[in-house]
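Colleague: Could we go through this structure together, one topic at a time? I would like plain answers that I can check on the screen.

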Amino acid sequence: MRAYSAAQVRRAEEPLLAAGAPLMQEAAGALARAVREEIRAGTPERGTSAAGSRPTAPVTRGRVAGARVCVLVGSGNNGGDGLFAAAFLAGRGVACDVVLVGTHPHAGGLAAARRAGVGIHLAGDDDGVSVAVRLALRSHVVVDAITGIGARGPLRGPAAGLVTALGDAVDAAPAPPVVVAVDVPSGIGVDDGAVPGPVLVADRTVTMGAAKPGLLLPPAAGAAGRVEVVELGLDALAAEPPDAVRLTGADVADLWPVPTADDHKYTRGVLGVVAGSGAYPGAAVLTTSGAVRCGVGMVRYLGSTPVTAAVQARHPEVVAGRGRVQAWVLGPGIDPADGARAEDVERTFEDALRAGVPMVLDAGALPLLPDGLPAHAVLTPHAGELARLLTDAGDDASRADVEGAPVAALRRAVEITGATVLLKGATTLVAGPGTPVYAQADATPWLATAGAGDVLAGVLGALLAGRSGDVVERPALAAELAAAAALVHGRAARAASAGGPIAALDVADAVPGTLRDLLTGEMMDG
Ligand SMILES: NC(=O)C1=CN([C@@H]2O[C@H](COP(=O)(O)OP(=O)(O)OC[C@H]3O[C@@H](n4cnc5c(N)ncnc54)[C@H](O)[C@@H]3O)[C@@H](O)[C@H]2O)[C@@H](O)CC1
Ligand SMILES: [K+]
């Protein structure tokens, strides 16, 4: 999924609007269809008696007549989409109420809604907000059409009051309405994924023309629910670089190296690993497991004798000692204060730099980095490590700062280091110099477990080894491959978990099945 900034979308709309294309009608039609789908799929007996009103009549599965929909309408074209959709729905027998949140609703849309018999209400003051909350809670679907790509900053005035009150009421409702956002959940940072103020969390977002970055990027993406793009024929976007990207399973199948009959272990890629120490021997096992399970040609391991023994006990196919490699993983389970291991990392890093091969720099390698890295070096910090990296470079950043504005922190780290950076989290973010931000939300919260990051380093290392030549030729590919590795790692975790707890090795062990399903097209997205 490719996401474009508000400015890019406006530029792409311009020629169509100038030619008189009925974009708002198309947008509103698609929105009304999505609402009807939600009504048909929705549980009957929606509605509430919380505010003393009668519960809505049950809706028979498959029928929309008799359902209730409440549309929150702002003053711009986003509200216009909502008003025309309300008119369409009323024409299908849906009982529609519109709550006007701004003072100047779209005139054509308002007239159409009135003609269709839609009830019009105002949420200009506290009384209006109370009425609106009651209307919303007795509805099967609430449509959030307050602001779209024209929003500036956090929601203000009555919009802020209504969204705050309604959010609290929805959270407390025993049978809350389904929330459908128009274009974006109103109040999010459309371009940067910020959540600067109140936002009504949506179950589904119907976005117009193209996805917007805020629908993919945390924290705002968490408020968007399922994202559906309505094609409006914005052909000009095809020629533009997207701002944010989310890879799908099919993308990963295209990126993953698949051996042919002519391949042998050296052409398939050899990965070198410097990981694990006396204090953290398991990191070596987990990193090499992640790589071996990806079907890399060979793994060479560099470490102390006892840790090498632990690695080979689990994976006898791992070869100990130096030799020619196509990519490196440096740092998992390495204590930068441990002189011998730190020296291993530094020396290998220098060799890798001279040889020009891609590398993953994780955990203990991060504090040892010099300035000025190539884009084919991929750093894999979590929020705390990224904060430290920025602070060491002279920026004052805490873990909370990184978590509050992860995209900005990521971009800054790319700018400072010159490297590609993968920021681990519930949504993993990746960017390199000049690339879009990749945002992958493929995992399960069960993946937040010790050692999971070591497995990711191994998976990414294997992928970089397999596509080493391509990455060196086109360093921007490193970011795409890092996003692909995050997807495989996240999906493997989901497969291993199936709703229950997992250990890091389970994730590595689930990688072959996950890759098989991705490569044969048997794993669906979502
Ligand atoms: N350009 C077009 O013809 C199309 C636009 N479409 C829709 O139009 C939207 C863009 O429309 P607009 O440019 O009119 O902008 P919006 O409708 O997104 O927002 C503008 C309105 O919101 C108010 N507003 C802005 N920031 C606010 C804040 N922080 N708190 C409270 N109110 C705030 C403004 O005062 C203004 O009334 C898109 O998101 C999409 O939904 C679609 O109909 C497709 C075609
Ligand atoms: K909206």
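Colleague: Where is aspartate 183 found?

Modeller: Aspartate 183 is found in the loop between β6 (178-182) and β7. Helices and strands here are DSSP runs, H or I of at least four residues for helices and E of at least two for strands, numbered from the N terminus. This is a predicted model, in which local features need pLDDT of at least 70 and side-chain atom pairs count only at pLDDT 80 or more, while totals for chains, interfaces and linings use all residues. Residues are numbered from 1 along each chain as its sequence is written, and chains are lettered from A and ligands numbered from 1 in the order in which they are written.

Colleague: Is aspartate 183 buried or exposed?

Modeller: Aspartate 183 is buried, because 29 other C-beta atoms lie within 10 Å. The term buried requires 20 or more other C-beta atoms within 10 Å of the residue's own, exposed means 12 or fewer, and partly exposed is in between, with C-beta atoms placed from the backbone. Aspartate 183 also has a positive phi of about 70 degrees, although it is not a glycine.

Colleague: What is phi near in alanine 363?

Modeller: In alanine 363, phi is near 40 degrees, which is a positive value in a residue other than glycine. Alanine 363 lies in the loop between β14 and β15 (377-379), and it is buried, with 24 other C-beta atoms within 10 Å.

Colleague: Which residues does the cis peptide bond join?

Modeller: The cis peptide bond joins proline 218 and proline 219, with omega about 0 degrees. Proline 219 has its place in the loop between β7 (204-208) and β8.

Colleague: Let us turn to the helices. How many residues does α10 have, and which of them are buried?

Modeller: Helix α10 (residues 339-355) has 17 residues and reaches 24 Å from its first C-alpha to its last, close to the 24 Å expected at 1.5 Å a residue. The expected span is 1.5 Å times one less than the number of residues. Arg341, Val345, Thr348, Phe349 and Ala352 are buried in α10. Seen down the axis of α10, these buried residues fall within an arc of 110 degrees, so they line one face of the helix. The arc is that of the directions from the helix axis to the C-beta atoms.

Colleague: What is on the face turned away, and what covers the buried residues?

Modeller: The face of α10 turned away from its buried side carries the exposed residues Gly339, Ala340, Glu343, Arg347, Glu350 and Arg354. The cover over the buried residues of α10 includes β10 (270-274), β11 (298-302), β13 (327-330) and β14 (359-361). After α10 comes glycine 356, whose phi is positive, near 75 degrees.

Colleague: And how many residues of α14 are buried?

Modeller: In α14, 15 of its 15 residues are buried, and the helix is mostly covered. Helix α14 (residues 452-466) reaches 21 Å from its first C-alpha to its last, close to the 21 Å expected at 1.5 Å a residue.

Colleague: Now the ligand. How many residues surround ligand 1, and which are the closest?

Modeller: Ligand 1 is surrounded by 27 residues, and the closest are Ser75, Gly76, Asn77, Gly148 and Gly150. A residue is near a molecule if its C-beta atom, placed from the backbone, lies within 6 Å of it. The elements that give two or more residues to this shell are α1 (6-18), α2 (23-41) and α3 (77-91). The largest share, 4 residues, comes from α3.

Colleague: How does the shell divide by class?

Modeller: The shell around ligand 1 has 11 nonpolar, 11 polar and 5 charged residues. Ala, Val, Leu, Ile, Met, Phe, Trp, Tyr, Cys and Pro count as nonpolar, Asp, Glu, Lys and Arg as charged, and the others, Gly among them, as polar.

Colleague: Lastly, into which domains is the protein chain divided?

Modeller: The protein chain is divided into domain 1 (2-245) and domain 2 (249-519), with bounds that come from an automatic or database domain assignment. Their C-alpha centres lie 40 Å apart. The contact takes 12 residues from domain 1 and 9 residues from domain 2.

Technical notes:
Contact = placed C-beta atoms within 7 Å.
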